[in-house]
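Dear colleague,

Please find below the structure for your files, together with its sequence. My findings follow directly after it.

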Amino acid sequence: MELSRVIDKENISLLSLLAKSIWAECYSEILSDGQIEYMTDKYLSPKAVSQQIENDNYEYYFIKDEKDIVGFTAFSVKDNALFLSKLYVKKEYRRKGYAGFVMEYLEKRCKEAKLPYIWLTVNVNNHNAINSYKKRGFYTFKDECTDIGNGYFMDDHFMKKEIGY
């Protein structure tokens, strides 16, 4: 398992295609096809990813096994904490330790930067992800429903894990 930083246009385009594919399988029972398309265009298009990297200090990484890209993650430092913005693994690679590998990496980054916690948002109906985060020590500290435009809303738990350093 390894992480490979996404920085050039070719890899950003590849990441956007991967995101559309994973989102379609991950959210088809939670969100409408229209909302999935709207959100991937708004937050994971090549233009959006490039802006997040350039303007918001996001770091994007492919998650890889020996030969394949199995998913991706993105994070940034916000409000003196590490914000885990994205962690997605292809369906056939889930429950094989990739998310745990990423979480260990993020915890190490927090300790090195002396950041007190990792936080994230997760759809309130994404029970598999919520349970996975809870098993890793995350807890919900607030809920929020956000209007993201076009008649769509994000109904999220905000979760946090304290990191001792």
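In this predicted model, the largest nonpolar core comprises 26 residues, and the members that touch the most others are Leu 15, Trp 23, Leu 44, Tyr 60 and Phe 72. At least two residues of this core come from each of the following elements: helices H1 (9-27) and H2 (33-44), and strands S2 (59-64), S3 (69-78), S4 (81-89), S5 (117-123) and S7 (152-162). H1 contributes the most, with seven residues.

Phe 72 illustrates how these elements meet. Leaving out residues up to four places away in sequence, Phe 72 touches Leu 15, Leu 18, Ala 19, Ile 22 and Leu 44, as well as Tyr 60, Tyr 61, Phe 62 and Ile 63, and also Lys 86, Leu 87 and Tyr 88. Another core, of 25 residues, lies apart from the largest one; Ile 63, Val 70, Ile 118 and Tyr 133 are among its members.

As to the sheet, seven strands form an open arrangement with mixed pairing, in the order S1-S2-S3-S4-S5-S7-S6. Strands S1 (2-5) and S6 (139-149) are at the edges, each pairing on one side only. Ignoring direction, neighbouring strands are turned against each other by 30° on average. Eight bridges join S3 and S4, which pair in the antiparallel sense; Lys 78 has Ala 81, in S4, as its bridge partner. Helix H5 (residues 127-135) lies across S4, S5 and S7 and runs at about 160° to S5.

Turning to helix packing, H2 meets helix H3 (residues 46-55) at an angle of about 40°, and their axes are 5 Å apart. On the H2 side the contact is made by Lys 42, Tyr 43 and Leu 44, and on the H3 side by Pro 46, Ala 48, Val 49 and Gln 52. Five of the residues in the contact of H2 with H3 are nonpolar, one is polar and one is charged.

Finally, a note on Glu 107, which is placed in helix H4 (residues 98-113). Is Glu 107 buried or exposed? Glu 107 counts as buried because its relative accessibility is 19%, and the cut-off for burial is under 20%. Beyond its neighbours within four places in sequence, Glu 107 is in contact with Ile 118, Lys 161 and Ile 163.

With kind regards

Terms used:
Residues numbered from 1 in each chain as written. Predicted model: local features only at pLDDT ≥ 70, side-chain atom pairs only at ≥ 80, totals over all residues. Heavy atoms only, no water. Helix = DSSP H or I, 4+ residues; strand = E, 2+ residues; numbered from the N terminus. Buried < 20%, exposed > 50% of the residue type's maximum accessible area, 1.4 Å probe, protein only. Contact = heavy atoms within 4.5 Å. Core = buried A, V, L, I, M, F, W, Y, C linked by side-chain atoms within 4.5 Å. Axes fitted to C-alpha atoms, helices over the stretch in contact; angles between N-to-C directions. Nonpolar A, V, L, I, M, F, W, Y, C, P; charged D, E, K, R; others polar. Pairing = 2+ DSSP bridges.
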